[in-house]
Amino acid sequence: MDKNELYQKMYDAVLAGDKEKSVELAKESIKMGLDPRQTIENGYTPGIDKVGDLWEEGEYFLPELVMAAESTKAAIEVLKPELARKKETTPNIGTVIMGTVEGDIHDIGKTLVSSLLSAAGFKVIDLGADVPTDKFIEEAKKHKADIIGMSALLTTTMVNQKKVIEKLKEEGIRDRFRIMVGGAPVSRKWGNDIGADDAPMSAMEAVKSAKGLMKEKV
Ligand code: B1M
């Protein structure tokens, strides 16, 4: 099987919500020596994106969405150690507080961004999903973070990215941190409007962006 066939099977496994198959294929990609980032971007991400479209079109329902999400997450868990093994740079080039904002339980994209950032040498404190506004700020202070990263997947929760920034401003500590926002409904314009430092469109871009933000900080 070549890598494109494998990516197609990953896509199919996510669409079928077949967690076991999804995991088996992730293991296969490791055996084949494929880059785990490429595997995620070319196999699993297109699968979960398609599931979103089918859901929007009324062809898929919540159980299918959940099964597809579980299949994607299980595959990423298998690939995580591989990502860590491929660390490109010296460990801890900066500390990042990462989470999905309050009211939002979507955590696949956020986890992907966290994994790629730690693979690139950042220390990532991943607060999980549905993270209260104050928690981002407390943890950023506690860990003397360089960057605060906030993910949001719902148009109703993206406003909580803005709330964190406003709260930092109120406390007079906005300039202590670089702020990166992301998630499917987030645009560069939105990032700009709410006063974030960057709004990368993908996990790969988030790594480039975080490295850039670290340079700006010095
Ligand atoms: Co939900 N969901 N969901 N969902 N879900 C969306 C987001 C939706 C667009 C589906 C749709 O209608 N087409 C829609 C939002 C509509 C809107 O707001 N306009 C939606 C909805 C409505 C809901 C519920 C409200 C459904 C309901 O209950 N009626 C509910 C919300 C619950 C809540 O949060 N309070 C809900 C629930 C769920 C599940 C639990 C079933 C499941 C999530 C499971 C989980 O995450 N553990 C789920 C899923 C899987 C999706 C879709 C299908 C896929 C999301 C995903 O994981 N994508 C999604 C449709 C879609 O986006 N196509 C949908 C893959 C992931 C890799 O992409 O997260 O975009 P993404 O991350 C990318 C980039 O955005 C970027 O990098 C990542 C990789 O390149 N990125 C960052 C992300 N965060 C970043 C942060 C950064 C930088 C880059 O810096 C900090």
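Tutor: Let us start with a term. Buried means under 20% relative accessible area, exposed means over 50%, and partly exposed lies in between. Keep in mind that this is a predicted model.

Student: Is Trp55 buried, exposed or partly exposed?

Tutor: Trp55 has a relative accessible area of 43%, so Trp55 is partly exposed. Trp55 lies in helix α3, residues 36-56.

Student: Which residues form a nonpolar patch on the surface?

Tutor: Trp55 does, with Leu62 and Val66. Together they have about 300 Å² of accessible area.

Student: Now the overall plan. Into which domains is the chain divided?

Tutor: Domain 1 covers 3-85, and domain 2 covers 95-217. Their C-alpha centres lie 24 Å apart. The contact between them takes 12 residues from domain 1 and nine residues from domain 2.

Student: Where is Lys86 found?

Tutor: Lys86 is in the loop between α4 and β1. Its relative accessibility is 39%, so Lys86 counts as partly exposed.

Student: With which residues is Lys86 in contact, leaving aside its neighbours within four places in sequence?

Tutor: Those residues are Pro36 and Ala119. Look at Ala119. Lys86 and Ala119 are 33 residues apart along the chain, yet their C-alpha atoms are separated by 6.5 Å.

Student: Let us turn to the ligand. Which protein residue is a donor to the cobalt atom?

Tutor: His106 is the single donor from the protein. Its NE2 atom is 2.2 Å away from the cobalt. His106 is found in the loop between β1 (95-100) and α5 (108-119).

Student: How many salt bridges does the structure hold?

Tutor: It holds 15 salt bridges. Take Glu82 and Arg85 as one case. Their side chains meet in a salt bridge at 3.0 Å, N to O.

Student: Where do Glu82 and Arg85 lie?

Tutor: Both lie in helix α4, residues 62-85. They are three residues apart, about one turn of the helix.

Student: Are Glu82 and Arg85 buried or exposed?

Tutor: Take each in turn. Glu82 is buried, with a relative accessible area of 12%. Arg85 counts as exposed, at 60% relative accessibility.

Student: Which salt bridge links distant parts of the chain?

Tutor: Look at Lys167 and Asp134, whose side chains meet at 2.7 Å, N to O. This pair links distant parts of the chain, 33 residues apart. Lys167 is in helix α7 (residues 159-170), and Asp134 is in helix α6 (residues 133-142).

Student: How accessible are Lys167 and Asp134?

Tutor: Lys167 is partly exposed, with a relative accessible area of 25%. Asp134 also counts as partly exposed, at 38% relative accessibility.

Student: Which residues are linked in a network of salt bridges?

Tutor: Lys135, Glu139 and Lys142 are linked in such a network. Within it, the side chains of Lys142 and Glu139 meet at 3.6 Å, N to O.

Student: Why are Lys142 and Glu139 separated by about one helical turn?

Tutor: Because they are three residues apart in helix α6. Lys142 counts as exposed, at 58% relative accessibility. Glu139 is buried, with a relative accessible area of 8%.

Student: Which residues of α6 are buried?

Tutor: Thr133, Phe136, Ile137, Glu139 and Ala140 are buried. The buried residues of α6 pack against β1, β2 (123-126), β3 (147-151) and α7.

Student: Now backbone angles. What is the phi of Lys144?

Tutor: Phi of Lys144 is near 45°, a positive value in a residue other than glycine. Lys144 follows α6 and lies in the loop between α6 and β3. With a relative accessible area of 67%, Lys144 is exposed.

Student: And what is the phi of Asp130?

Tutor: Phi of Asp130 is near 55°, again a positive value in a residue other than glycine. Asp130 has its place in the loop between β2 and α6. At 39% relative accessibility, Asp130 counts as partly exposed.

Technical notes: Residues are numbered from 1 along each chain as its sequence is written. This is a predicted model: local features need pLDDT of at least 70, side-chain atom pairs count only at pLDDT 80 or more; totals for chains, interfaces and linings use all residues. Side-chain values use heavy atoms; hydrogens and water are left out. Donors are N, O and S atoms within 2.8 Å of the metal (3.2 Å for Na, K and Ca); water is not among the atoms, so sites may look incomplete. Helices (H or I, at least four residues) and strands (E, at least two) are DSSP runs, numbered from the N terminus. Patches are made of residues with over 30% relative accessible area and no salt bridge: like charges are joined within 9 Å, nonpolar side chains (Val, Leu, Ile, Met, Phe, Trp, Tyr) within 5 Å. Accessible areas come from the Shrake-Rupley method with a 1.4 Å probe; for residues, only the protein chains shown count as cover. A salt bridge is a side-chain nitrogen of Lys or Arg within 4 Å of a carboxyl oxygen of Asp or Glu. Buried means under 20% relative accessible area, exposed over 50%, partly exposed in between (1.4 Å probe, protein chains only). Contact means heavy atoms within 4.5 Å. Domain bounds come from an automatic or database domain assignment.
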